[in-house]
Amino acid sequence: MKTIFRVDSRIVHGQTVNYWCRKYNVSKIIVANDELAKDDFRKLFFKIAISDEIDLEFLTIKGSISKEYDKTINCMVIFEKIDDVIKYVKEEGKINKIILSNIGYGEGKVKMSEGVFLNEKDKEKVSILQEDYGVDVVYKMMPD
């Protein structure tokens with residue numbers, strides 16, 4: 001089966017479950033974020049937001065790299081920000097393709113695609129992912 005990697009600043013929400021998970025038949029979501037992995041209150045909030053049919057796990061960046069993924073299911077690894085992806089690949093995590101979606105507007109940010117706004121530092125990080133780590137970066141708000 002396959003693992004899909006996404007950046008979504010909202011992390012887990014209805015769009016993730018109703019569109020992304022259904023489109024790719026995802027039965028497990030792993031949220032890779034050091035702060036969230038330790039925040040039981042925020043984790044509870046996200047668990048309430050999704051149905052019981054999808055397994056949700058919160059791991060540190062290192063924990064998500066060393067995780068033994070079930071090869072019989074489709075899995076989605078969600079990062080909250082591009083910085084998390086940079087840390088993942090620097091720690092020897094392997095990503096062939098990352099989907100950037102739902103990165104909100106802010107001061108100094110420009111629209112890259114529907115729902116994806118990046119500032120100059122974000123663009124530099126995307127270039128590092130592409131050039132230094134060979135990651136195919138795709139801007140996509142919704143699955144095909």
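**Entry 1: charge.** How many positive and negative side chains does the protein have, and how far apart do the centres of the two sets lie? I found 24 positive and 25 negative side chains. The two centres lie 2 Å apart. I noted at this point that the model is predicted.

**Entry 2: overall form.** I looked up the extent next. The C-alpha trace spans about 40 × 30 × 30 Å along its principal axes. Then I checked the radius of gyration, which is 14 Å. A compact globule with 144 residues would have a value near 15 Å, so the protein agrees with that expectation.

**Entry 3: surface and interior.** I asked what share of the 144 residues counts as buried. The share is 48%. The accessible surface comes to about 7900 Å². Carbon and sulfur atoms hold 49% of that surface.

**Entry 4: elements.** I went through the secondary structure. The protein has six helices and eight strands. Read from the N terminus, the order is β-α-β-α-α-β-α-β-α-β-β-β-α-β.

**Entry 5: strand pairing.** Which strands pair with β5? I wrote down β1 and β8. β1 runs parallel to β5, and three bridges join them. In this pair, V7 has L100 of β5 as its bridge partner. β8, residues 136-139, also pairs with β5 in the parallel sense, here over four bridges. I99 stands opposite V138 in β8.

Entry 6: I turned to backbone angles. Most residues other than glycine have a negative phi.

I11 sits in the loop between β1 (3-7) and α1 (14-23). Is I11 buried or exposed? I11 counts as buried because its relative accessibility is 1%, and the cut-off for buried is under 20%.

N102 belongs to the loop between β5 (97-100) and β6 (110-113). Its relative accessible area is 6%, so N102 is buried as well.

**Entry 7: looking back.** I put the last two entries side by side. β1 and β5 are joined by three bridges. The loop with I11 lies between β1 and α1, and the loop with N102 lies between β5 and β6.

Terms used. Residues are numbered from 1 along each chain as its sequence is written. This is a predicted model: local features need pLDDT of at least 70, side-chain atom pairs count only at pLDDT 80 or more; totals for chains, interfaces and linings use all residues. Side-chain values use heavy atoms; hydrogens and water are left out. Helices (H or I, at least four residues) and strands (E, at least two) are DSSP runs, numbered from the N terminus. Buried means under 20% relative accessible area, exposed over 50%, partly exposed in between (1.4 Å probe, protein chains only). Two strands pair if DSSP finds at least two bridges between them. The radius of gyration is taken over C-alpha atoms; the globule rule is 2.2 Å times the number of residues to the power 0.38. Accessible areas come from the Shrake-Rupley method with a 1.4 Å probe; for residues, only the protein chains shown count as cover. Lys and Arg count as positive and Asp and Glu as negative; His and the chain ends are not counted. The place of a charge is taken as NZ of Lys, CZ of Arg, CG of Asp or CD of Glu.
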